[in-house]
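Work through the exercises below with the sequence and the structure open. Try each task before reading its solution.

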Amino acid sequence: MQQLPFKKRLEELESRLAFQEHTIEALNQTVTQHELEMARMREQMRLVVEKLKSAAPSMVAHQSEETPPPHY
C-alpha cells in the first residue's frame, strides 16, 4: 500500500526535475545572448565616446594660434 504513493511521488519529482533542467538550459541561453548583446553595446558606446572626444573642440589652442608670452 505504501509503494503506490511513493512511486507516484517519485514520478512527480522526476517530472519536475526534467522541467527544471529544461528551464535552466533555456535561461542559460538567454543569459548568454544578453551578455553578447551587452558586449556589442559596450563596444558601440566606446566608439561613440571616441568619436565625441575627437569631434569636441580642444580647449588648448594650436601652437600657431598661441600669442607669444610677454617679454619682460
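**Exercise 1: A pair of charges**

Glu37 and Arg40 are joined by a salt bridge, with 2.8 Å between the closest N and O atoms. The model is a predicted one.

Task: Find out how far apart Glu37 and Arg40 are in helix H1, and how exposed each one is.

Solution. 
Step 1. Glu37 and Arg40 are three residues apart in helix H1, so about one helical turn separates them.
Step 2. A salt bridge requires a side-chain nitrogen of Lys or Arg within 4 Å of a carboxyl oxygen of Asp or Glu. The closest N and O atoms of Glu37 and Arg40 are 2.8 Å apart.
Step 3. Relative accessible area under 20% means buried and over 50% means exposed, with partly exposed in between. Glu37 has 37% and is partly exposed. Arg40 has 47% and is partly exposed.
Step 4. In general, side chains of opposite charge can pair when their charged atoms come close.

**Exercise 2: Further salt bridges**

Task: Describe the salt bridge of Glu50 with Arg46, then the one of Arg9 with Glu12.

Solution. 
Step 1. The N to O distance between the side chains of Glu50 and Arg46 is 2.3 Å.
Step 2. Glu50 and Arg46 lie four residues apart in helix H1, so they too are separated by about one helical turn.
Step 3. Glu50 is partly exposed at 42% relative accessibility, and Arg46 is partly exposed with a relative accessible area of 38%.
Step 4. A network of salt bridges that share partners joins Arg9, Glu12 and Arg16.
Step 5. Arg9 is partly exposed, with 41% relative accessible area, and Glu12 is partly exposed, with 35%.
Step 6. The count of salt bridges comes to five.

**Exercise 3: The chain as a whole**

Task: What radius of gyration does the chain have, and what value would a compact globule of 72 residues have?

Solution. 
Step 1. The chain has one helix and zero strands.
Step 2. A compact globule of 72 residues would have a radius of gyration near 11 Å, whereas the chain has 32 Å.
Step 3. Along the principal axes, the C-alpha atoms fill a box of roughly 110 × 25 × 10 Å.
Step 4. Of the 72 residues, 0% count as buried.
Step 5. The accessible surface is about 7,700 Å², and 63% of this surface belongs to carbon and sulfur atoms.
Step 6. There are 9 positive and 11 negative side chains, and the centres of the two sets are 7 Å apart.

**Exercise 4: An annotated region**

Task: Which residues does the UniProt annotation "coiled-coil region" cover, and what is the helix content there?

Solution. 
Step 1. According to the unreviewed UniProt entry, the annotation covers residues 10-44.
Step 2. Over residues 10-44 the model is 100% helix and 0% strand.
Step 3. The end C-alpha atoms of this stretch are 51 Å apart.

**Exercise 5: A residue after the helix**

Task: Is Val60 buried or exposed?

Solution. 
Step 1. Val60 lies in the segment after H1.
Step 2. The cut-off for exposed is over 50% relative accessible area. Val60 has 65% relative accessibility, so Val60 counts as exposed.
Step 3. Val60 and Ala26 are 34 residues apart along the chain, and their C-alpha atoms are separated by 54 Å.

Key: Residues numbered from 1 in each chain as written. Predicted model: local features only at pLDDT ≥ 70, side-chain atom pairs only at ≥ 80, totals over all residues. Heavy atoms only, no water. UniProt positions renumbered as here; feature names shortened; annotations may be inferred. Helix = DSSP H or I, 4+ residues; strand = E, 2+ residues; numbered from the N terminus. Rg over C-alpha atoms; globule rule 2.2 N^0.38 Å. Buried < 20%, exposed > 50% of the residue type's maximum accessible area, 1.4 Å probe, protein only. Areas by Shrake-Rupley, 256 points an atom, 1.4 Å probe, with all protein chains shown as cover. Lys, Arg positive; Asp, Glu negative; His and termini not counted. Charge placed at Lys NZ, Arg CZ, Asp CG, Glu CD.
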